[in-house]
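User: I am new to this model and would like a short tour in questions and answers.

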Amino acid sequence: MKTILQLTMGLILLVGLAECDPDPLQDYCVASTQTPPSFYGNGVPCIHPQLAKSSHFATSSLSKPGNTDNQFGFNISMTNTTNLPGMNTLGLAMARLDIGPDGIVPLHSHPRASEVTILLKGTLFVGFVDGSNRLFNRQLRPGDSFVFPKGLIHYLYNMDKDEAALALSGFSSQNPGLQISSFASFVSKPGIPDEVLEKSFKIHSPDVAKIRRNLGG
Ligand SMILES: *[C@@H]1O[C@H](CO)[C@@H](O)[C@H](O)[C@H]1NC(C)=O
Ligand SMILES: *[C@@H]1O[C@H](CO)[C@@H](O)[C@H](O)[C@H]1NC(C)=O
């Protein structure tokens, strides 16, 4: 009887140890070699539970339209642990997307979250590309939703030349991360060497310079 109990306990322990790592909440978490180490956690430290108030779980940060008068014609407001402290560790976030007439949220990916978008106003043409370079796209009308799988490159384009679009997105991480493909490729700091871009995109040096300039780099 005792042996069976010990075996069971051993198994439970082993299974516990075989659990996978928690998902990272930051782009990177460089190991500290300092002794004693200074404290850097995966996420944000919490206040004492007794100090929690209703207001910690509410925010108006998505209530106002963002100004879309910029390079791509979009503006995104996100909940985060500053404007909505109660969301810390809950594994979710929300965004308001204002996309002006003919505006686009250009090709980008969220390294840590899947995204589900519901269109509230206007029309949007959205899509993502999977790991085998297959495109999945859809025209959305108000009330329609679309889901973008975690980490895959996607876009949201307002093809309407007159009307602005308004959409809401939910994310499966409190810190989804954002990498805009064109910026990451052409206006990183320091810049990716021209030769690498020329070979990667099969273009010539003047093309690289032109794209960098167009992107404000
Ligand atoms: C988004 O809108 C806010 C509020 O109007 C504005 O302060 C901010 O500069 C805008 N962001 C971009 C990238 O245009
Ligand atoms: C949260 O978003 C606000 C803008 O709404 C920004 O000023 C702040 O730095 C962000 N905080 C974090 C932790 O990202």
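**Aromatic rings and a listed site**

Phe-128, Phe-136, Phe-146 and Phe-148 form one aromatic cluster. The model is predicted, so local features need pLDDT of at least 70 and side-chain atom pairs 80 or more, while totals for chains, interfaces and linings use all residues. Residues are numbered from 1 along each chain as written, chains are lettered from A and ligands numbered from 1 in written order, and side-chain values use heavy atoms, without hydrogens and water.

User: Are the rings of Phe-128 and Phe-136 stacked or edge-to-face?

Analyst: Rings of Phe, Tyr and Trp (its six-membered ring) pair if their centres lie within 6.5 Å; planes under 30 degrees apart are stacked, over 60 edge-to-face and the rest tilted. The centres of Phe-128 and Phe-136 are 5.0 Å apart and their planes at 15°, so the pair is stacked.

User: Is Phe-128 buried or exposed?

Analyst: Buried means under 20% relative accessible area, exposed over 50%, and partly exposed in between (1.4 Å probe, protein chains only). Phe-128 has a relative accessible area of 10%, so Phe-128 is buried.

User: Which residues does UniProt list for "binding site"?

Analyst: UniProt positions follow the numbering used here, with shortened feature names, and annotations may be inferred rather than shown by experiment. The entry is unreviewed, and for "binding site" it lists His-108, His-110, Glu-115 and His-154.

User: Why can these residues be said to gather at one spot?

Analyst: They span 47 residues in sequence. Yet they gather at one spot, because no two of their C-alpha atoms are more than 12.1 Å apart.
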